[in-house]
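Trainee: I have a new model open and would like to learn how to read it. Could you walk me through it?

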Amino acid sequence: MSGFVDRINSGARKVPTWVIYLLLALPIPYLFYLGLTGGLGREPIKALEHEYGELALKLLIVGLAITPLRRYFGVTLIKFRRAIGVMAFFYVLAHFLVWAILDVQTFDRVWDDIIKRLYITVGMAGFLCLIPLVATSNNWSVRKLGPKWRKLHRLTYLAVILGGVHYIWLVKGIQLEPLLYMAVILGLLALRLPKNKQPQARRA
Ligand code: HEM
């Protein structure tokens with residue numbers, strides 16, 4: 001097991017972060033191209049909305065998994081966490097823009113939906129949480145904010161929960177997939193809770 005983990009860690013050390021940015025960015029234009037050329041079926045706008053939304057949620061979840069992976073398995077992928085988080089934001093942005101510009105199309109209806117359709121309000125709240133995170137995902141902000149940076153970045157937890165709730169809410173009836181996403185989110189958040197102190201051994 002530890003040989004396998006060492007191999008992953010040494011492989012990860014060799015991969016520059018720009019490669020991760022590039023790999024994660026490529027599906028955005030590619031899916032858009034597929035939508036334009038008929039590769040996403042008869043309802044390309046809906047399909048695009050779904051693809052971007054689901055990839056956004058997956059990336060938020062992968063970002064959440066990085067710390068438990070190190071804590072419980074020794075797999076060190078921390079250097080990719082910023083790229084994963086930033087790209088999750090861009091998927092949410094793409095998801096939002098497809099919905100607002102290509103699907104809904106008018107500002108009044110976009111605004112109406114945001115304030116009246118609760119699953120969209122929740123998605124929007126998740127999106128808004130991600131904005132200060134992406135704006136401070138640079139070395140200068142980390143230095144400038146000091147310990148406040150860590151506190152601010154706890155907003156990730158709220159953003160991913162809101163994303164998960166948004167998904168559960170928007171599907172009709174009870175469906176397994178969004179519930180599974182939520183279970184993974186809650187499981188990963190539970191793993192981040194500080195470990196309980198060991199109870200002191202009773203004196204004989
Ligand atoms: C953290 C932010 C967000 C995440 C993680 C997220 C994620 C998702 C996911 C996973 C889906 C379902 C995709 C599928 O069917 O496979 C979805 C659908 C959708 N989302 Fe979001 N979303 C977010 C924010 C937003 C925002 C800001 C809006 C608009 C203001 C929005 C509007 C929608 C709409 C309209 C649908 C499709 C509903 C339908 O099936 O008709 N989402 N989103």
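Mentor: Let's begin with a term: contact means heavy atoms within 4.5 Å. Take Ser141: leaving aside neighbours within four places in sequence, Ser141 is in contact with Ala135, Thr136, Gly146 and Trp149. Before going further, note that this is a predicted model, where local features need pLDDT of at least 70, side-chain atom pairs count only at pLDDT 80 or more, and totals for chains, interfaces and linings use all residues. Residues are numbered from 1 along each chain as its sequence is written, and side-chain values use heavy atoms, with hydrogens and water left out.

Trainee: Where is Ser141 placed, and is Ser141 buried or exposed?

Mentor: Ser141 sits in helix α8, residues 139-145. Helices here are DSSP runs of H or I with at least four residues, strands are runs of E with at least two, and both are numbered from the N terminus. As for burial, buried means under 20% relative accessible area, exposed over 50%, and partly exposed in between, using a 1.4 Å probe and protein chains only. Ser141 counts as buried because its relative accessibility is 6%.

Trainee: Zooming out, how many helices and strands does the protein chain have?

Mentor: There are 11 helices and zero strands. The C-alpha atoms fill a box of roughly 70 × 40 × 40 Å, taken along the principal axes. Of the 204 residues, 35% count as buried. Contact range is worth a look too: among contacts with a separation of 6 or more, 68% come from residues 24 or more positions apart.

Trainee: Now the metal. Which residues coordinate the iron atom of the ligand?

Mentor: Donors are N, O and S atoms within 2.8 Å of the metal (3.2 Å for Na, K and Ca), and water is not among the atoms, so sites may look incomplete. Here His95 and His166 coordinate the iron atom, each through NE2, at 2.0 Å. This pair links distant parts of the chain, with His95 in helix α5 and His166 in helix α10, 71 residues apart. His166 is classed as buried because its relative accessibility is 15%.

Trainee: What geometry does the site of the iron atom have?

Mentor: Ideal angles at a metal are 109.5 degrees for four tetrahedral donors, and 90 or 180 degrees for six octahedral ones. Six donors count as octahedral if opposite donors are over 155 degrees apart and all others between 65 and 115. This site is octahedral, with angles of 85 to 179° among its six donor atoms.

Trainee: And which residues are closest to the ligand?

Mentor: A residue is near a molecule if one of its heavy atoms lies within 4 Å of it. By that rule 20 residues surround the ligand, and the closest are His50, Glu54, His95, Trp99 and His166. For side-chain N or O atoms, Lys46 has one 3.2 Å from an oxygen atom of the ligand, and His50 has one 3.0 Å from an oxygen atom of the ligand. The elements giving two or more residues to the shell are α4, α5, α7 and α10.

Trainee: One more: which side chain joins Thr67 in a polar contact?

Mentor: A polar contact is a pair of N or O atoms within 3.5 Å; within protein, one must be able to donate a hydrogen and the other to accept it, and residues adjacent in sequence count only if both atoms are side-chain atoms. The side chains of Thr67 and Arg192 are joined by one of 3.0 Å. Their C-alpha atoms are separated by 7.6 Å, although the two are 125 residues apart along the chain.

How values were computed
Four donors count as tetrahedral if all angles lie between 85 and 135 degrees; four count as square planar and six as octahedral if opposite donors are over 155 degrees apart and all others between 65 and 115; anything else is irregular.
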